[in-house]
Amino acid sequence: MKTLQEIIDESRKIVFFGGAGVSTESGIPDFRSEDGLYRQKYTVSSETMLSHDWFFSHTEEFFKFYRDKMLPLWAQPNAAHRKLAELEQKGKLLAVVTQNIDGLHQKAGSKRVYELHGTVHKNTCLKCGKRYSAEDIAAAEGVPHCACGGLIKPDVVLYGESLDGDTIEGAVRAIAAADTLIVAGTSLTVYPAAGFVSYFRGKSLVLINRDPTPLDSQCDLVLHGKVGEILSGINV
Ligand code: NAD
């Protein structure tokens, strides 16, 4: 913790790269932990149910799973989200790059957030382009349809879909410009997102994760623990 505090004190351009583990302390399960979604009992894997093909071939089942597991509108930011917003506000953090789709960084006050996998908070009619909120999707019965009759699709990057070009560019630029990169709450197994870390050219690479990751051996500092607990111990 002392080393982390020293690194943060010395840094002026921190970038935070996070994953599902950043939101588990807000009560949202991640995918690969013991209590993660992948270990829960479904006849079809979450990876299949969250795929582009499944969305179009099993739309009703997609929305059943999506509403049940991917729309935690009750969730509140935790200590990690709040500390990152504070670091940005104090001018020490350039950006948050996240694989999460829950919008909790923005809810905590973060302004520059690159959401690599999109967000549950934007939803678009595939026919006329009208926008809908996450609340609209939660409240709709069955498959959500637009007034024009079109199917509404969450602006979430499903398995089998490409990431948004502008978001990739912004995220890569931020990571390449950072003096410190904090990677946290991610198993670093979902590509291409996990590969973004390789654009870092700065001084200190810090990893905060509950379980070991493939990146541990390359980091300047590794802290195995809960990201919210750890970041809340930092003075800004
Ligand atoms: P993952 O489930 O593969 O891995 C999560 C990692 O976080 C694990 O290594 C675990 O040890 C660690 N972790 C869990 N709780 C932690 C905590 N409190 N502090 C520190 N570490 C903790 O997640 P991933 O690498 O982000 O990949 C999963 C994919 O699933 C991502 O693409 C993401 O978009 C999506 N997802 C998003 C949400 C969300 O938006 N909140 C939730 C589940 C999955």
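**Exercise 1. Find which polar side-chain atom lies 2.7 Å from an oxygen atom of the ligand, then describe the surroundings of the ligand.**

Solution. 
Step 1. In this predicted model, T186 places a polar side-chain atom 2.7 Å from an oxygen atom of the ligand.
Step 2. An N or O atom in the side chain of D102 is 2.7 Å from a nitrogen atom of the ligand, while N209 has a side-chain N or O atom 2.9 Å from an oxygen atom of the ligand.
Step 3. With a cut-off of 4 Å between heavy atoms, 28 residues surround the ligand. R32, Q99, T186, S187 and D211 are the closest.

**Exercise 2. Describe the largest pocket by its volume and its lining.**

Solution. 
Step 1. The largest pocket holds about 930 Å³ of space.
Step 2. Its lining counts 47 residues, and those nearest the centre are G19, A20, F31, R32 and N100.
Step 3. Sorted by class, the lining has 23 nonpolar, 15 polar and 9 charged residues.
Step 4. Both domain 1 (1–28 + 77–117 + 162–236) and domain 2 (29–71 + 121–156) supply at least three residues each.
Step 5. Among the secondary-structure elements, α4 (59–70) and β8 (204–209) each give at least two lining residues. α4 gives the most, with 3 residues.

**Exercise 3. State how the lining of the second largest pocket divides by class.**

Solution. 
Step 1. The second largest pocket has about 200 Å³ of space.
Step 2. Its lining includes L188, Y191, F200 and Q218.
Step 3. The lining divides into 8 nonpolar and 3 polar residues, with no charged ones.

Definitions and conventions:
Residues numbered from 1 in each chain as written. Predicted model: local features only at pLDDT ≥ 70, side-chain atom pairs only at ≥ 80, totals over all residues. Heavy atoms only, no water. 1 Å grid on protein atoms, 1.4 Å probe; cavity = no way out; pocket = protein on both sides within 12 Å on 5 of 7 lines; lining within 4 Å. Points joined across faces, edges and corners; volume = space filled by probe spheres on them. Helix = DSSP H or I, 4+ residues; strand = E, 2+ residues; numbered from the N terminus. Nonpolar A, V, L, I, M, F, W, Y, C, P; charged D, E, K, R; others polar. Domains from an automatic or database assignment. Polar contact = N/O pair within 3.5 Å; in protein donor to acceptor, adjacent residues only side chain to side chain.
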